[in-house]
Amino acid sequence: MTHWLQVAVQTPAHSGVAGPLTYRSELPLAAGTLVRVPLGTREVLGIVWEGADQASPGWTEATTRMISGSLEGVAPLSAAWRRLVEFSAGYYQRALGEVALAALPPQLRDLNAVQLARRLKTRARKAEASSAAPQAPSPGSEITPESIALTDQQTLALSQFHSQTGPFLLFGATGSGKTEVYLHAVAELLARDAAAQALVMVPEINLTPQLEARFRARFCALYGEDAVVSLHSGMTNPQRLKSWLAAHSGIARIVLGTRMAVFASMPGLKLIVVDEEHDPSYKQQEGARYSARDLAVYRGRLDGAKVLLGSATPSLESWHHSRPATADEPGGRYVRLAMPGRVGDGGFPKVRRVDMNHQPMKTVFSPPLLDAIRQRIARGEQSMVFLNRRGYAPVLHCADCGWKSECPHCSAFRVFHKIDRTLRCHHCGFTERVPRACPACGNIDIAPLGRGTERLEEHLAELLAGETRPDGTPVRIVRIDADTTKLKGALEAQLAQVHSGEVDVLVGTQMIAKGHDFRRITLVAAINPDGALFSSDFRAPERLFSLLMQSAGRAGRDAGFVAAQQSASEMWIQTFHPKHPLFEALKQHDYPAFAGRELREREVAGMPPFSFQALVRAEARTQEVAQTFLNAASAAAHTELASQPDMDAVLQRVTLYGAVPMSVQRVANVERAQMLIESDSRVALQRFLAAWQDVLRQTRAAPEHKGLIRWAVDVDPLAI
Ligand code: ADP
Ligand code: ZN
Ligand code: ZN
């Protein structure tokens, strides 16, 4: 008998095929089953989306193809998982098959049924072998082997977490013990429910090893070595498949991962933790541009799992969603849990602002900051100095003729890297040796303008030459940024140096500001943070504030260590705007004051979270082609859609702005333009975007737009 199946397969973006394709099968297959199907001349992986016993009109044996086979041994993906994928595809305006297949480990796509069966058999044998070892919690063993006594704030947060349904925003200062709260929430869940699984997400791959170690130490003795798995893009394909299968089969009780892990198949999912929920890395920046944080909240509802977002500086969206009720207005949808104090009553670092208006021109390290660093070195304490720009200098410049090191392929300057004497474009990667003389006029005196971390490190080494540590050995400075950590294992090695106390001063980009649990740092300095105060990106202050709070959080984490030293921990800010309210709030460690002010401004200006946005981006050989396409699609929206039922009302609530060049308008010889779409209603924006897809495709197909290379929609964009 013939069974008809709707199968999700990876179809090219904008092919117009948004939904699953129809195939035939001799056997009935449950929805969620993984299958291999012919597509064009290839055989590809697909997911049975729905089965149908009866053929719809138009399905005939002549017009549909037979599936090639199913992947036996892998249980069907759950209905909740499929709903999550459907929602993501719809919300972020991508094809269902694209999102569904991208959510699976790459190797699953490449293995045929026989290879996969072999993989599964090896797994099963191993699982059997390890289950023979004693693994079940022995009677009397504690849920938390370390048995840390919780602080009052942790206890309160956990009891609120247990007694309510959430979603929760854990607003906990850096060092307040948020991770401990996650560990307890997970421990309690796993102990209560033998089939339950927890998903714990962190923003960066760098942060997973540290977290994994903590979770392994806590849970592997109780639930076995396979109980904790990681899932992130830094893993090899076989590792990813292994973790995915462990999660999918329910053997893994805890999955730790980066944003991609939000799509992990977890049949027993009961808890989702999103640590550092404000972090921009949760937003995917290509393909389906999803927000893993937002999807986590949605997924929680689908799976009936509790969702716990945590941050010391929540996104303004989450802060707004967790606002308490007032006399006149109901509160937000999230439950806010607060842990304002640091574990052990360690104080927060004192924030010191250096007014750079009173320093000599071109000062890089102000004398008081330099003094403070010297004192730290003499006492064997560590300092951390950061600057958000890597390389030696952002531009190379000829003072005679005005030549600058522009990238020939981008509207950007190439960055001078002194270590290998190259000029490198950070947008397209174009790299050349530094010219001996000005390419335009031959002047041999070309000089770096501005500074990046490489130059900062060099300069600091000169300033600190001759300083010695308590044991009389010379001062040691190390730099950590994307350039020094390119090699595998380099970052770990450098971090280990910091932890072991070998290093006195750590110079780096924001990479060092996030998450790391450094114990001996008592001074953190932001060398030049002013840029973000007056940026055209309305989210820049929010990012700066959280970066500075996070960085301050690196100092004085170990109250015992600090108490034993003479110096209090400090956060130094060198700025030309010391009275700026952002720095005032930072000085008070007052995130709520900062957030309240920003939210009031956004409300007045009609910005998110009080409005909803999407961007359409277009790329073409010329700026004109890109902009013309966007403006044509915008004009067509009104002419084409107005006649559709209810669209009038939708169109009235949606504003389409004119096309403009992107801030870096040319990258690798491709011109880029964008158009902002805004609405006061998320539903209206969604309805508009869904209907507009066809218009965009039709516009693209018109002969006058054939110069267009590609276009894409970004819903809830983070940078505008
Ligand atoms: P956060 O994630 O909020 O910055 P962590 O969870 O990393 O903070 O905790 C900071 C430090 O305090 C860690 O070293 C952690 O082991 C320790 N810690 C957390 N909770 C407790 C507690 N209840 N008692 C003692 N130490 C704790
Ligand atoms: Zn010149
Ligand atoms: Zn370039």
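Before the metals, my criteria: donors are N, O and S atoms within 2.8 Å of the metal (3.2 Å for Na, K and Ca), and with water not among the atoms, sites may look incomplete. Four donors count as tetrahedral if all angles lie between 85 and 135 degrees. This is a predicted model, where local features need pLDDT of at least 70 and side-chain atom pairs count only at pLDDT 80 or more, while totals for chains, interfaces and linings use all residues. Residues are numbered from 1 along each chain as its sequence is written, chains are lettered from A and ligands numbered from 1 in the order written, and side-chain values use heavy atoms, with hydrogens and water left out.

**Entry: zinc, ligand 2**

I looked up the protein donors of this zinc ion and got the SG atoms of Cys 398, Cys 401, Cys 438 and Cys 441, at 2.2 to 2.4 Å. The site is tetrahedral because the 4 donor atoms subtend angles of 105 to 112°. In sequence the spacing reads C-x2-C-x36-C-x2-C. Cys 401 and Cys 438 link distant parts of the chain, 37 residues apart. I find Cys 401 in the loop between strand 16 (395–398) and strand 17 (415–417), and Cys 438 in the loop between strand 19 (431–433) and strand 20 (446–449). Helices (H or I, at least four residues) and strands (E, at least two) are DSSP runs, numbered from the N terminus.

Next I checked burial: buried means under 20% relative accessible area, exposed over 50%, and partly exposed in between (1.4 Å probe, protein chains only). Cys 438 is buried at 4%, whereas Cys 401 is partly exposed at 40%.

**Entry: zinc, ligand 3**

Here the donors are the SG atoms of Cys 407, Cys 410, Cys 425 and Cys 428, lying 2.2 to 2.4 Å from the zinc ion. I get angles of 106 to 112° among the 4 donor atoms, and the site is tetrahedral. The donor spacing is C-x2-C-x14-C-x2-C. Cys 425 is buried at 3% relative accessibility, while Cys 428 is partly exposed at 29%.

**Entry: ligand 1**

I counted as near any residue with a heavy atom within 4 Å. That gives 18 residues around ligand 1, and Ala 149, Gln 154, Gly 175, Lys 178 and Thr 179 come nearest. Helix 6 (residues 178–192) gives the most to this shell, with 3 residues.

For polar contacts I took pairs of N or O atoms within 3.5 Å. A backbone N or O atom of Ala 149 sits 2.8 Å from a nitrogen atom of ligand 1. Gly 177 puts a polar backbone atom 3.1 Å from a ligand 1 oxygen, and a polar side-chain atom of Arg 214 lies 3.4 Å from an oxygen atom of ligand 1.

Most residues other than glycine have a negative phi, and most peptide bonds are trans. I noted a cis peptide bond joining Gly 166 and Pro 167, with omega about 0°. Pro 167 is in the loop between helix 5 (152–163) and strand 7 (168–172). Pro 608 to Pro 609 is cis too, with omega near 10°.

Lys 362 has a positive phi of about 65° though it isn't a glycine, and this lysine is exposed at 77% relative accessibility. Asn 669 also has a positive phi of about 65°, but is partly exposed at 34%.

Key
Polar contact = N/O pair within 3.5 Å; in protein donor to acceptor, adjacent residues only side chain to side chain. Tetrahedral: all angles 85-135°; square planar, octahedral: opposite > 155°, others 65-115°.
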